[in-house]
Amino acid sequence: MQWYSQDKDTIFSALKTSSRGLSSEEAAARMKQYGPNELIEQKKKSPFIMFLDQFKDFMILILIAASVISGFIGDINDTIAIVVIVLINAIIGFIQEYRAEKAMQALKRMAAPTATVLRDEKPSMIQASEVVPGDLVILDAGRVVPADIRLIETAQLKVEEAALTGESAPVEKQTEVLTEDDVPLGDRKNMVYKGTVVTYGRGTGIVTETAMSTEFGRIAAMLQEDEEKKTPLQKRLATFGRKLAAAVLLICSIVLGLGVLRGESPVLMLLTAISLAVAAIPEALPAVITISLALGAKKLVKLNALIRKLPAVETLGSVTYICSDKTGTLTLNEMTVEELFINGNVINARNYIDRKDEEDAGYLLMAAMALSNDVRSGKGEEILGDPTETALFSIARKYGLEKQELEKIYSRVAEIPFDSDRKCMTTFHEWNDGFIAFTKGAVDELLERSKSIMMPEGLKTLNFSVIQKVNEDMTAEGLRVLCFAMRKWDEIPVDMSPENVEKELTLIGLVGMIDPPRGEAAEAVSLCRTAGIRTVMITGDHSSTARSIARKLGILEDNDGQAVITGKDLDDLSMEEFEEKVEQIKVYARVAPEQKLKIVKALQDKGQYVAMTGDGVNDAPALKRADIGIAMGKTGTDVSKEAAHMILLDDNFASIVNAVKEGRKIYDNIRKFIRYLLTTNSGEISTLFLAPVLGLPIPLLPIHILWINLVTDGLPALALSAEPAEGDIMKRPPRLPGESIFAGGLGIHAIWVGLLMAAVALFVQAWSIKSEIVNWQTMVFTMLCLSQLGHVMAIRSEQESLFKIGFFSNKYLLGAVLITFFLQLATVYLPFLNPVFKTAPLSPGELIFTVAMSSTIFIAVEIEKFFKRRRKRKLSMPN
């Protein structure tokens, strides 16, 4: 039932209660019927099952198989290394999943511990879990609302609903019936909701919903129903693992068969095939990815982004949509006076000139803003009070009218407080030989109470249509407009009723306020556009305000007529209808919790990768469902933080864009590692595959394959994770959601460079055998190892030359390459290692020849990049 649209008697009848509350017996009966007023948590997986689930990943299963094979062929070191890598990844995955389950616990912590209800016609303090539908609840300042309640009595009641609606300003509550259908949550002024906080005043209401039927309960249900999606990297690696496993098994079988047919020892060929299989399985891949993500997460903290779930680091680089809250993320979350209407003119507040004249409208307006105000100064520059009044106080202080100083001259002597019926308030102050009353409030209300307006030439008759036009223009710009009026008195009236005091007023001026955009947000939105990422604004604010801010930030263009939609309009659309329009919509206003989830789902159904920001309880389901959920560090609730993948420490949209850049860099580096790994394996497999075909003996022994696998897949691969971002990283569009990890020519590169490695290796083998060089196998072994070191230096950038980016721009990689180079020389020249690796020392001439041949790979890849750059320049040139 839409409780907000029902009158008090209808609700009493529907819930079988009255203004006297429930009896203890009836409350006990309803407790049996409805159950405790608590959030119900679904049965969760045990920690043990959660841990076992970490081993279901296809790549992990391949690694487990590789460790068994390594143990079988006697390479116990490789087995231990693989087992350690698998366990580390399982522990990290388990910790992330276990922490994610805390969102429900945080939601429960927000529930009220106690409540005051009318039982047996007298107030009783009970546990909030004992509240039942039909209970009459008494609310006062500081109380957490225990259930969803329809108000029947209020006295200046204000409730902070930021956790549910996302809007930080407390909401003034009233009891009148709302006649509209489908009123958004933030506009239901006669309702209060479980988990929100009473900040001012008092009230009484009837409990309409408890436990999982409350708005909080609906969010809890959405949190538990919605499964988290796999990250783009997890999807791509699963596909990569399956393809790689199939290819390795096929090729190893062929190598085994060809070797046996050529007359090689079956045992040697079996060991060679198994060694090749182990070498081809990328056991270092999960470790390199985990280290890359961990390093990225560490750097992101410095960029004000705290990563809660490690795969989210890379997901940032895949994002195609950023759905951002307006308040506090795109804006400063600080109401500011933007425009003034004084002396018949609308001026920018920055252009105001103070005349220090008590009869000037500008001075009177500033004085009214300072004096008719209940804020107070805190520590230093801190201002304590309502956000609207804080804005008025700040502009007055900016132009030299300090409230404390003014009150010494114009002390407050009486007041008529604000209430939602009159929509205004009045304060009386001493003024020269008499008194002055300043009244501030809604424009329409004060126009009805005013008869004149202050102009430079004195008081003039009020032209209602002019003021209404000014108000409409300001409102259309997204400004919240307040009207100020005054009336001078010789003495304080005996009758202080609003009807007597707030009439025959003189209008001083209008004040237009807004929560302004962050200075850096517009630049960040522009950078997103350059990077092919669409920014969408989601807010609980009104559409006119949202539209104005979106235009200032560059989210909306002037011709974007259909790009703004309200929560009510969104409700009217089916999921199919919404999905047809979702990619054209740039601003969502007055949205409810489940609608944020609907937006995320619709975009994901259209194949987009979605980042969603949020700070309230209402955001938690959408944050959990989004590809990357981003909670606010300063203003975010514990619930939103637990549900999110990342926490924004400074609540700043620009920090998201910095994080996206880092995410793209990390994915680039993971691709570089995979490019390096596949090319290495391709070279080894092609060498072993083609040698028997060409009538050559097996060029590498199992120990050679495992050594190359160990040293080249080790330090150099890890050092690639420290590669700096390329210059054009934020000028490219996002990766296509369905894009393979082999896209952009990665697979082709791995094949042709691998074949080139094999061709050079086989040339060295054939030439050495023909030249009757006894150490030909050592030469082939060393050549393959060194060629991969040249290759890793060449692929540091997909397009730029190594000589341009510089040898020292990644000192870790340079160090890794030098260490690996000397380790390889150690296997050749240290006598005690020769029998282990079946090698022999090379003569200076043989070593120079081997090094020269291995450099072929580096030169070839540099030539490939030269042609890529040339083609890119041609494509970018105008026709």
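Me: Which strand is joined to β9 by three bridges, and how do the two run?
Reply: That is β24 (residues 610–614), which runs parallel to β9 and is joined to it by three bridges; strands here are DSSP runs of E with at least two residues, numbered from the N terminus, and two strands pair if DSSP finds at least two bridges between them. Within this pairing, Tyr321 stands opposite Val610.

Me: What kind of model is this, and how are residues numbered?
Reply: It is a predicted model, in which local features need pLDDT of at least 70 and side-chain atom pairs count only at pLDDT 80 or more, while totals for chains, interfaces and linings use all residues. Residues are numbered from 1 along each chain as its sequence is written, and side-chain values use heavy atoms, with hydrogens and water left out.

Me: And β21, how many bridges there?
Reply: Five bridges join β9 to β21 (residues 534–539), again in a parallel arrangement, with Ser324 opposite Met537.

Me: Why is β9 called largely enclosed?
Reply: Because five of the five residues of β9 (residues 321–325) are buried, where buried means under 20% relative accessible area, with a 1.4 Å probe and protein chains only. Tyr321, Cys323 and Asp325 are buried on one side, and Ile322 and Ser324 are buried on the other.

Me: Switching topic, where does Gln777 sit, and what does its side chain reach?
Reply: Gln777 lies in helix α31 (residues 776–794), helices being DSSP runs of H or I with at least four residues. The side chain of Gln777 reaches the backbone oxygen of Ile698 at 3.4 Å.

Me: Is Gln777 buried or exposed?
Reply: Gln777 is buried, with a relative accessible area of 17%.

Technical notes: Buried < 20%, exposed > 50% of the residue type's maximum accessible area, 1.4 Å probe, protein only. Polar contact = N/O pair within 3.5 Å; in protein donor to acceptor, adjacent residues only side chain to side chain.
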